Amino acid sequence: MAEQQEQAAADAMMTRIGQVAMLLHGGDREEARGRFLDLWTEIGEDGDALHRCTLAHYMADAQDDPADELAWDLRALSAADALTDGTTDVRTESRTDARIAEHQQSLAVRAFYPSLYLSLAVDYANLGRSEAARSHLRRARDTVGVLGDDAYGDGVRAGIGRLELRLDEEGPSGGAPEATPGQTPGQGRGPGGETLGPPRQRP
């Protein structure tokens, strides 16, 4: 019974995060930021890693400052690492994998990483830090094999290819590109703006 209650509470939080994400995708960035911050406070810095990963990566898309965007994507990566660092007992890991499968069509935890690294690479590129961008892009490329031959996997691979071309065009000195007219920070960060498995998938 206690485990069922825990599962229900976890599912409720994922639903609440998804509802705020709908606000974000609807264009209400300021309202979404405020609600995400409220949820982040509720979850806590040491709260459920899946919730933190999902919320932090959505929150990155809600930022206007590229440095803030990077900070939230780093939080998402840290939370993903907490899911896979080997310190979680088998029963907890099994419950976590079951929740990911339910919400994200059976994506394993390891499938977080190609798009997490891609998002960080884009963040660093936007800040003019080309070496850091290339480093994370290599990690995205090295881990992309875990993704399937489907629309999502194709989108992440395409995002990696686009960023590779962009960095090659910018050269070793890098430099943050000018924003496309009408584009706000947080847009254009990968395939359809959805570079991470669970957090990027729209509810």
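The protein chain exposes about 10,000 Å², of which carbon and sulfur atoms supply 48%, with accessible areas taken from the Shrake-Rupley method with a 1.4 Å probe and, for residues, only the protein chains shown counted as cover. The model is predicted, and local features accordingly need pLDDT of at least 70 and side-chain atom pairs count only at pLDDT 80 or more, whereas totals for chains, interfaces and linings use all residues. Residues are numbered from 1 along each chain as its sequence is written, and side-chain values use heavy atoms, with hydrogens and water left out.

The protein chain contains nine helices and zero strands, where helices (H or I, at least four residues) and strands (E, at least two) are DSSP runs numbered from the N terminus. Of its 203 residues, 46% count as buried, that is, under 20% relative accessible area, with over 50% termed exposed and values in between partly exposed (1.4 Å probe, protein chains only). Among the contacts in the protein chain (heavy atoms within 4.5 Å) with a separation of 6 or more, 70% come from residues 24 or more positions apart.

Two packed helices are described by the angle between their axes and the distance between the axes. Axes are lines fitted to C-alpha atoms, for helices over the stretch in contact, and angles run from 0 to 180 degrees between N-to-C directions. Helix α6 (residues 112–126) and helix α7 (residues 130–143) have axes that come within 8 Å and cross at roughly 165°, so α6 is roughly antiparallel to α7 (angles over 145 degrees; under 35 is roughly parallel, 65 to 115 roughly perpendicular and the rest oblique). The residues of this contact divide into twelve nonpolar, two polar and one charged, where Ala, Val, Leu, Ile, Met, Phe, Trp, Tyr, Cys and Pro count as nonpolar, Asp, Glu, Lys and Arg as charged, and the others, Gly among them, as polar.

The axes of α6 and helix α8 (residues 151–170) come within 10 Å and cross at roughly 25°, and the two helices are therefore roughly parallel to each other. On the α6 side the contact includes P114, L118 and A121, and on the α8 side V156, I160 and L163 are among the residues involved; by class, the contact has ten nonpolar, three polar and one charged residues.
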